[in-house]
Amino acid sequence: DLESHLQRCQQLSVTVLTDHQDLKNTELKTILNSMAPQQYRIRAKLRTYKPQKLYQSVKLHCSKCNSLQEVPDGDDFDFILQGSAVTAPNPELHNTSWYDSVMWTTQDQKQRKIAIHFVKHDEMLQQPEDTLLMIEGGTLKEVWKLTKRFKCVIPVRSTENDLELLDLSAPFLLQGNIKYYGCKQCSTPKPIKSLSSIAAEQRPSWEPTEIAQVLGIEPLQYVFIMKFTLVDGTGALNAYLLDY
């Protein structure tokens with residue numbers, strides 16, 4: 001695993017980068033005083049690396065505005081779901097030409113109203129493993145239960161005229177155990193009825209990129225990023241690793 005490998009590298013007196021064997025070693029001081037981009041071979045020691053915990057290396061990246069942000073944790077999502085559950089589902093938005101709706105009231109003290117809208121294809125419901133559904137008023141636990149059974153889950157809330165996505169701090173789509181996020185800066189969310197165009201396709205695949213496109217979402221990609229500080233006695237150089 002990368003973390004233990006990096007610790008071993010730190011314990012060695014010198015780490016040699018084995019690429020570019022045809023190049024002579026260049027001191028870090030020379031590199032720091034040179035104009036980029038150029039190719040060098042260095043002989044250096046790894047002084048520090050960040051982040052210390054491997055899971056902290058995963059961030060969300062927008063390829064449009066090039067921003068990097070932390071992956072929200074489950075508590076943030078739960079808080080947004082609780083906030084959206086305050087508004088009861090609007091029955092006038094149920095059972096349209098392209099989705100069937102089911103609504104019930106929970107038996108607990110809060111007596112929450114939950115609505116689930118199952119998207120139809122050719123006026124028929126698809127098999128659960130091929131189905132996209134939208135949920136209003138659900139908790140995090142209920143949402144995860146649905147993702148285990150159905151292909152795609154989109155958390156929504158009611159307005160007067162249409163269903164809409166939650167705040168973009170929440171995922172706009174859940175598929176299996178993957179949460180898909182959109183860039184707040186670059187997205188212009190459209191009404192949920194925009195999804196009806198995919199439902200009308202001959203074989204709706206419910207691909208996250210296609211869903212994002214019709215909903216006006218600029219999707220964020222999960223990236224792996226680390227920072228290494230290399231030293232050789234003449235200077236210190238920060239090296240960054242970024243990969244999808």
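In which strand is Arg157 found? Arg157 belongs to strand 9, residues 152–158, where strands (E, at least two residues) and helices (H or I, at least four) are DSSP runs numbered from the N terminus. The model is predicted: local features need pLDDT of at least 70, side-chain atom pairs count only at pLDDT 80 or more, and totals for chains, interfaces and linings use all residues. Residues are numbered from 1 along each chain as its sequence is written, and side-chain values use heavy atoms, with hydrogens and water left out.

Arg157 has a relative accessible area of 28%. Arg157 therefore counts as partly exposed, the class between buried (under 20%) and exposed (over 50%), computed with a 1.4 Å probe on protein chains only. Apart from neighbours within four places in sequence, Arg157 is in contact (heavy atoms within 4.5 Å) with Ser84, Glu136, Asp162, Leu163, Glu164, Leu165, Leu166 and Asp167. With one of these, Glu164, the side chain of Arg157 makes a polar contact of 2.9 Å. A polar contact is a pair of N or O atoms within 3.5 Å; within protein, one must be able to donate a hydrogen and the other to accept it, and residues adjacent in sequence count only if both atoms are side-chain atoms.

On a 1 Å grid over the protein atoms alone, a cavity is a set of points where a 1.4 Å probe fits but cannot get out, and a pocket is an open set with protein on both sides within 12 Å along at least five of seven lines; lining residues have an atom within 4 Å of a point. Grid points are joined across faces, edges and corners, and a volume is the space filled by probe spheres set on the points.

The structure has two cavities of 30 Å³ or more. The largest cavity holds about 40 Å³, and its lining includes Leu81, Ser84, Glu136, Gly137, Val156 and Leu166. At least two residues of that lining come from each of helix 3 (74–84), strand 8 (132–136) and strand 9. By class, the lining of the largest cavity has six nonpolar, three polar and one charged residues; Ala, Val, Leu, Ile, Met, Phe, Trp, Tyr, Cys and Pro count as nonpolar, Asp, Glu, Lys and Arg as charged, and the others, Gly among them, as polar.

The second largest pocket contains about 180 Å³ of space. Among the residues that line this pocket are Asp78, Leu81, Ala85, Lys110, Arg112 and Gly137. Its lining divides into two nonpolar, four polar and four charged residues.

Next comes the backbone. Most residues other than glycine have a negative phi, and most peptide bonds are trans. Which bond joins Ala36 and Pro37? It is a cis peptide bond, with omega about -5 degrees, and Pro37 sits in the loop between helix 2 (28–32) and strand 2 (43–50). The bond from Lys50 to Pro51 is also cis, with omega near -5 degrees; Pro51 is in the loop between strand 2 and strand 3 (58–61).

Asn95, not a glycine, has a positive phi of about 55 degrees. Trp206 likewise has a positive phi of about 55 degrees and lies in the loop between helix 5 (196–199) and helix 6 (208–214). Trp206 counts as buried because its relative accessibility is 1%.
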